Amino acid sequence: MKQSQFESRHHDDWQVFAQQLKALERGKEKPQQVHEFASRYRHLCQHLALAEARGYSSLLVEQLQQLVMRGHQQLYRHRSPLGANLIRFVLGGFAQLVRREWRSLLTASLLFYGSLLLMGLLVYRFPDLVYSVVAPEQVQQMEAMYDRDAARLGRFGERDSGDDWVMFGYYIMNNISIAFQTFASGLLFGLGSLFFLLFNGLMIGAVAGHLTQIGSGPTFWSFVIGHGAFELTAITLAGAAGLKLGWALVAPGRWPRSEALRLAARQSVQLVAGAILLLLLAAFVEAYWSSMTTFGSHIKFAVGAALWLLLASYFALAGRSRYAPD
């Protein structure tokens, strides 16, 4: 069946579903409408599966996906307590959302990791270049913090449990503020998110390249590799969410900009919520594991690699079942 025939046959059903969906979102649903809504939701899921299987346009598939996701939220809104919804989101919903938004995440990753790797290589090759990005005072602080001799003396292990708790709170506030800044600035037609992705990538790359070049690489990399899996991924997710907001304003499609922004915000806010969960994990690992000197660098690298692999496996596999298509 051609796409035009498919759309003309089911367009009215989609419009009725959209109207019922708006009523549910505004809290104006009637008891007898719930059963009708569930039935229409199942049909809509079938239409989405057909559209994807037949290779219809990405615009149609995305519109149906938006309706399906909004419908899913309303269908289960009153059936599950907050805790159950959070568990469902963590166990599979978050990973499914990331896979659906792979285009935004790929763009954010290229901007962030691309600038990080490029700046790191340039600074490693041309050491004085670090001062064009990082202030000399900050460079000295980084050198002192990751000095190999100081690390062997247990600088990172001098904190007691109270200090670890303070640093845990500091890491949470600092990292979440960076993520929110990267996300919210996407409202500037995506330019703000673009800037902060590049800025953070250049800063981290410059520091990494400089410390590696002066011989502090083992201390630096063994410290950051553990929490880096969660922290760097969270930054890219926040950037992807901001870019999605910006793209809705730049290219709203057939929707008015306000409606396109509202639809994009639903997925963007969920991406940021997932990013915050990752930042909580990153803060915990950084405060209680990364600073430890009890274990050697080889163990730190092994644990860090395992965390990166675990996170990648989660996003690739979680939420996949025969009843929950991506």
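The chain averages a pLDDT of 85, and 87% of its residues score at least 70. Here pLDDT is the predictor's confidence in each residue, from 0 to 100. This is a predicted model, in which local features need pLDDT of at least 70 and side-chain atom pairs count only at pLDDT 80 or more, while totals for chains, interfaces and linings use all residues. Residues are numbered from 1 along each chain as its sequence is written, and side-chain values use heavy atoms, with hydrogens and water left out.

View 1. Buried residues make up 44% of the 326 residues. Buried means under 20% relative accessible area, exposed means over 50%, and partly exposed lies in between (1.4 Å probe, protein chains only). Take the contacts between residues at least 6 apart in sequence: 79% of them join residues at least 24 apart. A contact means heavy atoms within 4.5 Å.

View 2. Over residues 152-157, pLDDT stays under 50. For that stretch the model has twelve contacts beyond four places in sequence.

**View 3. Helix H10 has a kink of about 60°, centred on Gly228.** The bend at a residue is the angle between axes fitted to the seven residues ending there and the seven starting there. H10 covers residues 217-250. Its end C-alpha atoms are only 42 Å apart, short of the 50 Å that a straight helix of its 34 residues would reach at 1.5 Å a residue. That expected span is 1.5 Å times one less than the number of residues. In H10, 30 of the 34 residues are buried, so the helix is largely enclosed by the rest of the structure.

**View 4. Gly228 is buried, at 7% relative accessibility.** Not counting residues up to four places away in sequence, Gly228 touches Thr233 and Trp308. Leu307 is 79 residues from Gly228 along the chain, yet their C-alpha atoms are separated by 9.1 Å.

**View 5. Helix H3 (residues 58-75) crosses helix H11 (residues 257-290) at roughly 60°.** Their axes come within 11 Å. Axes are lines fitted to C-alpha atoms, for helices over the stretch in contact, and angles run from 0 to 180 degrees between N-to-C directions. The crossing is left-handed. The contact is made by Gln66, Met69, Arg70 and Gln73 of H3 and Arg262, Leu263, Arg266, Gln267 and Gln270 of H11. Left-handed means that the near helix is turned anticlockwise from the far one by less than a right angle; clockwise is right-handed.

**View 6. Val98 lies in helix H4 (residues 82-100).** Val98 is buried, with a relative accessible area of 7%. Leaving aside neighbours within four places in sequence, Val98 is in contact with Leu105, Leu237, Leu271 and Phe315. Val98 and Ala240 are 142 residues apart in sequence and 9.7 Å apart in space, C-alpha to C-alpha.

**View 7. Glu7 sits in helix H1 (residues 3-25).** Glu7 counts as partly exposed, at 24% relative accessibility. Beyond four places in sequence, Glu7 touches Trp14 and Leu60.

Note on methods:
Helices (H or I, at least four residues) and strands (E, at least two) are DSSP runs, numbered from the N terminus.
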